[in-house]
Amino acid sequence: MSKLSRLREELLEDLRVAQERDPAARSAFEIALAYPGVHAVWIHRLSHRLWNSGMVAKLPARLLSQLGRFVTGIEIHPGAVIGRRLFIDHGMGVVIGETTVIGDDVLMFHGTTLGGVSMSKGKRHPTVGNRVLIGAGAKVLGPISIGDDAKVGANAVVVHDIPAGSVAVGPVATTRGRVTQADPYADPALYI
């Protein structure tokens with residue numbers, strides 16, 4: 001199968017999954033025109049291919065991803081690896097970092113972040129398994145793993161691995177001390 005026909009199949013598959021998972025969806029035509037989550041995934045599929053085609057294409061890949069952010073309100077770094085049939089419902093405010101890896105058949109809701117806790121180079125974003133659901137406003141942070149078939153509740157803050165088939169809910173913020181003014185740009189991981 002050629003690269004172009006494989007891309008076409010992925011794009012059609014993204015339409016089908018949106019129609020299957022969203023009870024408000026009335027037609028593939030409506031989804032293709034009016035679903036920013038689908039548009040963001042499509043733009044990512046193109047920018048990711050550019051990103052991986054060589055150093056010269058990194059800037060165009062970033063520019064395309066920023067155009068997608070402007071149009072959809074969803075920010076997906078072109079370096080992120082996204083599996084098949086990702087559906088982002090509603091989508092506004094979703095952020096997916098550069099070293100994120102997302103498996104197949106994942107469902108994400110608006111306001112979710114798959115982000116880092118460090119400004120260092122290397123793996124700093126989550127790895128999300130297959131068939132995972134991530135609720136609205138959830139923050140999944142750091143180079144952690146979310147196992148297959150897990151569910152992350154709305155507004156949960158996840159900073160540790162979640163085993164396959166588990167449900168993770170609730171915020172975990174606690175006071176740990178005071179911020180010093182010595183280095184206002186210190187690595188944010190110091191506070192996690």
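This is a predicted model: local features need pLDDT of at least 70, side-chain atom pairs count only at pLDDT 80 or more; totals for chains, interfaces and linings use all residues.
Local features were considered at pLDDT of at least 70 and side-chain atom pairs only at pLDDT 80 or more, whereas totals for chains, interfaces and linings use all residues. Residues are numbered from 1 along each chain as its sequence is written, and side-chain values use heavy atoms, without hydrogens or water.

An open sheet is formed by 5 strands with parallel pairing, in the order S3-S6-S9-S12-S14. Strand S3 (87-89) and strand S14 (167-168) are the edge strands, each pairing on one side only. Strands (E, at least two residues) and helices (H or I, at least four) are DSSP runs numbered from the N terminus, and two strands pair if DSSP finds at least two bridges between them. Strand S9 (residues 133-134) runs parallel to strand S12 (residues 151-152) and is joined to S12 by 2 bridges. Leu133 stands opposite Lys151 in S12.

Nonpolar cores were defined as sets of buried Ala, Val, Leu, Ile, Met, Phe, Trp, Tyr and Cys residues joined through side-chain atoms within 4.5 Å; buried denotes under 20% relative accessible area, exposed over 50%, and partly exposed the range in between (1.4 Å probe, protein chains only). The largest core has 27 residues, of which Ile102, Met108, Ile134, Ile146 and Val158 touch the most other members. A second, separate core of 10 residues includes Leu15, Val17, Ala18 and Ile31.

Leu67 is located in helix H4 (residues 58-72) and is partly exposed, with a relative accessible area of 47%.
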